[in-house]
Amino acid sequence: MTSATLSTPARIPRAPAGPPTGPVARADQRAYVRILVVLDTAVLSLAVLVGYIARFGDRVPVGSEIPYVLVAPGLVLAWLLSLRMLRCYDDRVLGYGADEYRRVSAASLRLAGGIAIVGYIADADVSRGFLGISFAVGTVALEVNRFAARKRLHRARYRGAGWSRRVLVVGDTAHVLELVHTLRREPYAGYQVVGACIPDALLAPVPQRLSDVPVVGSLRGVPEAAAAIGADTVAVTASGELTAARLRRLGWQLEGTGIDLVVAPALTDVAGPRIHTRPVAGLPLIHVEAPEFRGARKLVKEFVDRAAAALAVLLLLPLGAAVALAIRLDSRGPVLFRQTRVGRGGREFGVLKFRTMVANADALLDELAVRNETDGLMFKMRDDPRVTRVGRLLRKWSLDELPQLVNVLLGQMSLVGPRPPLPSEVARYDGDVARRLLVKPGMTGLWQVSGRSDLSWEDGIRLDLYYVENWSLAADLTILWKTFGAVLRGRGAY
């Protein structure tokens, strides 16, 4: 097929009302980048000032030939250039994922190493204390600045504002709907679907919609359809008509248009570290490593879990004593509640919690079963009458789960992992869901930082399986950090 055969569909619906389109969306993106540059400049200037004051105080260095009044702004300028060279302002990494943070750290470390080498070769007498403090403070400040800017952007995207990519999804109907659902599951990622192109055979003489996504054309007129609705990204998913030659030609047609081409493989819920791309005869083969369930990294995780749990138990003893006293004064019954849960390999253990319900809560469960507010195998009620007054506060701030630190010390649980299931739930697991039992359950996890009880059964299982397949120590630290925010917000806690 030649490029001359690609034609605009007879009718292309106008872009849906709502978020900014085309040039306006690009302007929002450029404005976000400009704000980042200004904020980075401010925090770097402050870091260099802190480095100077920490090293020299309020005096001018005596006996030094180095003009720090020029070195300081020069260092800030070189730092900003290093961030630019490592593409820390690239819109492909801004606002989502860990790559933005990695690039910022890499830019800082490379600049520090380069200055150290040049200073050694030139025998420059620049204070190492000044440079060391400036780089330490500046690197941390840059990361905090990016984190704060990203959170503000995420809040704006949740409201339907802020800078987001306008995406035209291309593929057959089933795969288009699946990709749309995946992108909308995390609106803060900044991919907003504004239209779809499907095979010619599926087009109707009247305008169509896939769910609430307008069909704006066929696979033969993707560039024209993208331009007509103001899309800045074309996301290609699976389709029998979209051959390798057509996909390559589409990439050529989008050159110079400012529209990015994204290919969404059928492989989902696999983290980047497990994926490696190797070109073979011009074909990018994606290699997927098997999940890691044992080995040295698992031993390190075990050590970190138990050491951190031991430290937390010591630090939180006074808080635990206060909670125990409040429970005892509020209602009759034991302070601790022990419930049988299923751990790694299907082994049962007794999970410990501070009691948040009346003493005969289990006996009342059958009466409340018809009022279950969640799907799947769990029982959840937003206003469960069995929960005590103190129990509601404990659940809101997740303080009822503190005794599980003892389960971590005993090796029955991990700090981060899937939600510990009940034996009755496990008895009804199918083959896929049973993979949750390949690792230890956790005190917190992706389910905790993504909505807790507000999640559907399907989404909770998806998050648990994603963790099982893609766990890492870095991911654990990230989840632990996000847990504090989830607890403070109290979202899904009941």
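## Salt bridges

The count of salt bridges comes to 20. The structure is a predicted model.

Six residues, Arg87, Asp90, Asp91, Arg92, Arg165 and Asp260, are linked in a network of salt bridges. Asp90 is buried, at 9% relative accessibility, whereas Arg92 is exposed, at 51%. Arg165 and Asp260 also form a salt bridge, and their closest N and O atoms are 2.9 Å apart. Because Arg165 belongs to strand S1 (residues 165-170) and Asp260 to strand S6 (residues 260-263), this pair ties together parts that are 95 residues apart in sequence. Arg165 is buried, with a relative accessible area of 7%, and Asp260 is buried too, with 15%.

Glu302 forms a salt bridge with Arg344, the closest N and O atoms being 3.8 Å apart. The two residues lie in distant parts of the chain, 42 residues apart: Glu302 is in helix H8 (residues 296-330), and Arg344 is in the loop between strand S9 (336-342) and strand S10 (348-354). Arg344 is partly exposed, at 28% relative accessibility, and Glu302 is partly exposed, with a relative accessible area of 22%.

## Nonpolar surface patch

Leu46, Leu49, Val50, Ile53 and Val137 make a nonpolar surface patch of about 400 Å². The most residues, four, come from helix H1 (residues 22-56). Leu46 is found in helix H1. With a relative accessible area of 52%, Leu46 passes the 50% cut-off and therefore counts as exposed.

## The loop at Gly97

Gly97 sits in the loop between helix H2 (68-85) and helix H3 (99-122). Its relative accessibility is 32%, so Gly97 counts as partly exposed. Ala189 is 92 residues from Gly97 in sequence, while their C-alpha atoms are 8.4 Å apart in space.

## Confidence

The mean pLDDT of the protein chain is 83, and 85% of the residues score at least 70. Confidence is highest in helix H11 (residues 404-409), at a mean of 96, and lowest in helix H9 (residues 361-368), at 61.

Over residues 1-19, pLDDT stays under 50, and the model has 33 contacts beyond four places in sequence for this segment. Where pLDDT is low, predicted coordinates should not be read in detail.

Notes:
Residues are numbered from 1 along each chain as its sequence is written. This is a predicted model: local features need pLDDT of at least 70, side-chain atom pairs count only at pLDDT 80 or more; totals for chains, interfaces and linings use all residues. Side-chain values use heavy atoms; hydrogens and water are left out. pLDDT is the predictor's confidence in each residue, from 0 to 100. Contact means heavy atoms within 4.5 Å. Buried means under 20% relative accessible area, exposed over 50%, partly exposed in between (1.4 Å probe, protein chains only). Patches are made of residues with over 30% relative accessible area and no salt bridge: like charges are joined within 9 Å, nonpolar side chains (Val, Leu, Ile, Met, Phe, Trp, Tyr) within 5 Å. Accessible areas come from the Shrake-Rupley method with a 1.4 Å probe; for residues, only the protein chains shown count as cover. A salt bridge is a side-chain nitrogen of Lys or Arg within 4 Å of a carboxyl oxygen of Asp or Glu.
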